[in-house]
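Colleague: I'm new to this one, and I'd like to learn how to read its features. Could you walk me through them?

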Amino acid sequence: MLPEPLTHHLTDEELLLDFYAEGTAADRARVRAHLEQCQECRALDRDLRAVLTAVDTAPSTEPPSGFERDMWSRIEPLL
């Protein structure tokens, strides 16, 4: 079976679903096939994967003591 011709570039949503291995197997196969053919989408996918990997592996930090109280005191007058 020949790959379907490129008619559009992949969306961020399609790349995100592929990164997290979500969506149907057919959708993931279509994304993979498109990436094999499209240098522009491959570059976007590579950059997106680098950012998502950094975010997923970054340690989470706790806010400083009193953060919630300080934030509410700043925004309450604006509400």
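Predicted model: local features only at pLDDT ≥ 70, side-chain atom pairs only at ≥ 80, totals over all residues.

Colleague: How far apart are the closest N and O atoms of arginine 49 and aspartate 45?

Modeller: They are 3.0 Å apart, and that pair is a salt bridge too. Here both residues belong to helix H3, 4 residues apart, or about one turn of the helix.

Colleague: Are these residues buried or exposed?

Modeller: Look at relative accessibility: buried means under 20%, and exposed means over 50%. Aspartate 18 has 9%, so it's buried. Aspartate 45 is buried as well, because its value is 8%. Arginine 49 has 26%, so that one counts as partly exposed.

Colleague: Which side chain does arginine 30 meet in a salt bridge?

Modeller: Glutamate 14, at 2.7 Å from N to O. This pair links distant parts of the chain, with arginine 30 in helix H2 and glutamate 14 in helix H1, 16 residues apart. Glutamate 14 counts as buried because its relative accessibility is 15%, while arginine 30 is partly exposed at 26%.

Colleague: Let's turn to the nonpolar side. Which residues make up the largest nonpolar core?

Modeller: For a core, you look for buried nonpolar residues joined through their side-chain atoms. The largest one has 6 residues in all: Leu10, Leu15, Val31, Leu35, Cys38 and Cys41. Take valine 31: leaving aside residues up to four places away in sequence, it touches Leu10, Glu14 and Asp18.

Colleague: What about nonpolar residues on the surface?

Modeller: There's a patch there formed by Phe67, Met71, Trp72, Ile75, Leu78 and Leu79, with about 660 Å² of accessible area together. One of them, leucine 78, lies in the segment after helix H4 (67-75). Leucine 78 counts as exposed because its relative accessibility is 72%.

Colleague: How many aromatic pairs does a search of the whole structure find?

Modeller: It finds 1. The ring centres of phenylalanine 19 and tyrosine 20 are 4.7 Å apart and their planes meet at 85°, so the pair is edge-to-face. Planes over 60 degrees apart get that label. Tyrosine 20 is partly exposed, because its relative accessibility is 39%.

Colleague: And in the backbone, what is the phi of alanine 21 near?

Modeller: It's near 55°, a positive value in a residue other than glycine. To find alanine 21, go to the loop between helix H1 (12-19) and helix H2 (25-37). With 52% relative accessibility, alanine 21 counts as exposed.

Notes. Residues numbered from 1 in each chain as written. Heavy atoms only, no water. Patch = residues over 30% accessible without salt bridge, like charges linked within 9 Å, V, L, I, M, F, W, Y side chains within 5 Å. Areas by Shrake-Rupley, 256 points an atom, 1.4 Å probe, with all protein chains shown as cover. Salt bridge = Lys/Arg side-chain N within 4 Å of Asp/Glu carboxyl O. Helix = DSSP H or I, 4+ residues; strand = E, 2+ residues; numbered from the N terminus. Buried < 20%, exposed > 50% of the residue type's maximum accessible area, 1.4 Å probe, protein only. Phe/Tyr/Trp six-rings, centres within 6.5 Å; stacked < 30°, edge-to-face > 60°. Core = buried A, V, L, I, M, F, W, Y, C linked by side-chain atoms within 4.5 Å. Contact = heavy atoms within 4.5 Å.
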